[in-house]
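I opened my notebook to write down what I could look up in this structure. Here is the model I worked from.

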Amino acid sequence: GYASGSARVFSGADGSILYTFNGDSINDYLGFSVSGAGDVDGDGFADLIAGALLDDNNGDFSGTARVYSGRTGSTLFTMEGDSAEDRLGRSVSGAGDVNGDGYDEVIVGAYADDNNGSNSGSMRVVSISGDGLTDSLTQLVVDLGLSTGGENSLVAKLDAVFVLLTDEHESNDDSAIQILEAFIAQVSAQSGNQIGSEDAETLIASAQAIIDLLEGG
């Protein structure tokens with residue numbers, strides 16, 4: 001749509017286009033601000049952040065910023081302005097590991113936020129990854145038998161993940177589903193549709209990221 005916006009990632013090796021991200025609708029202006037985000041999900045790949053300051057998810061021009069996986073191109077997390085005219089996403093940046101948890105954070109500006117008066121502005125430092133295992137994740141490990149390191153069907157394990165998340169949160173977030181789909185492809189390629197003890201930590205980390213994302217909104 002008109003002025004929906006886009007952002008592209010080009011290969012430093014040969015200049016080819018690695019990813020293209022598009023705004024959801026007209027006048028979103030995705031790509032008005034862009035930045036490297038550091039490794040926010042701890043998968044060893046640098047991630048990306050882009051702002052769409054005129055996105056309307058929480059009112060006209062409330063604004064949005066999205067964090068994208070450098071490994072898969074999927075959306076890891078979406079931040080939205082609180083209300084109309086906040087213009088969150090006017091500025092975005094990686095922030096480094098602010099809280100010392102081993103994961104990089106991002107910083108996002110909403111220069112027209114009104115929390116302390118008209119257009120007083122605000123900024124947010126956001127952690128994408130959670131701290132430790134939640135009760136839900138602990139139960140997930142038990143349900144999937146990961147503590148024993150036994151190999152089981154990848155399909156059965158992923159079905160169990162979806163069932164748990166659906167039961168726990170009543171609905172699956174689109175971004176969480178994209179993360180899980182990317183994880184399916186990765187593990188399928190690496191382990192021939194089987195998950196053994198070496199893949200258990202990867203599954204745990206992926207499930208934790210999904211649960212954190214859903215709990216965060």
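My entries follow, one topic at a time.

**Ground rules**

I am working with a predicted model, where local features need a pLDDT of at least 70, side-chain atom pairs count only at pLDDT 80 or more, and totals for chains, interfaces and linings use all residues. Residues are numbered from 1 along each chain as its sequence is written, and side-chain values use heavy atoms, with hydrogens and water left out.

**Confidence**

I started with pLDDT, the predictor's confidence in each residue, from 0 to 100. The chain averages 74, and 59% of the residues score at least 70.

Next I looked up strands, which are DSSP runs of E with at least two residues, numbered from the N terminus. Two strands pair if DSSP finds at least two bridges between them. I found an open sheet of four strands in the order S3-S4-S5-S6, with antiparallel pairing. Which strands sit at the edges? They are S3 (30–38) and S6 (75–80), and each pairs on one side only. Neighbouring strands of this sheet are turned by 20° against each other on average, direction ignored; the axes behind this angle are lines fitted to C-alpha atoms, and angles run from 0 to 180 degrees between N-to-C directions. As a reminder, strands of a sheet pair through backbone hydrogen bonds, either parallel or antiparallel.

I zoomed in on S5 and S6, which run antiparallel and are joined by five bridges. Tyr68 has Thr75 in S6 as its bridge partner.

**Strand S8 and its partners**

S7 (residues 88–96) and S8 run antiparallel, joined by six bridges. Here Gly96 stands opposite Glu105 in S8. S8 also pairs with S9 (residues 122–126), again in the antiparallel sense, over five bridges. In that pairing I noted Ile107 opposite Val125 in S9.

Is S8 buried or exposed? Five of the six residues of S8 (residues 105–110) are buried, so the strand is largely enclosed by the rest of the structure. For the record, buried means under 20% relative accessible area, exposed over 50%, and partly exposed in between (1.4 Å probe, protein chains only).

**Aromatic rings**

I searched the whole structure for aromatic pairs and got two. The rule is that rings of Phe, Tyr and Trp (its six-membered ring) pair if their centres lie within 6.5 Å; planes under 30 degrees apart count as stacked, over 60 as edge-to-face and the rest as tilted. Tyr19 and Phe21 have ring centres 6.0 Å apart and planes at 25°, so this pair is stacked. Phe21 and Tyr68 are stacked too, at 3.7 Å centre to centre and 15° between the planes. That pair links distant parts of the chain: Phe21 is in S2 (residues 17–22) and Tyr68 in S5 (residues 64–68), 47 residues apart. Together, ring pairs link Tyr19, Phe21 and Tyr68 into a cluster.

I checked burial as well. Phe21 is buried at 8% relative accessible area, and Tyr68 is buried at 4%. Tyr19 is also buried.

**Cores**

A nonpolar core is a set of buried Ala, Val, Leu, Ile, Met, Phe, Trp, Tyr and Cys residues joined through side-chain atoms within 4.5 Å. The largest one has 14 residues, of which Ile49, Val67, Met79, Val106 and Val108 touch the most other members. S5, S6, S7 and S8 are the elements that give it two or more residues.

Which residues have a positive phi without being glycine? I noted Ala3, at about 55°, and Phe61, at about 60°. Ala3 sits in the segment before S1 (6–10) and is partly exposed at 26%. Phe61 lies in the loop between S4 (47–52) and S5, and is partly exposed at 27%.

**Ser35**

My last stop was Ser35, in S3. At 23% relative accessibility, Ser35 counts as partly exposed. Ser35 and Ser93 are 58 residues apart in sequence, but 5.2 Å apart in space, C-alpha to C-alpha. Leaving aside neighbours within four places in sequence, Ser35 is in contact with Leu48, Ile49, Val92, Ser93 and Gly94.

Terms used
Contact means heavy atoms within 4.5 Å.
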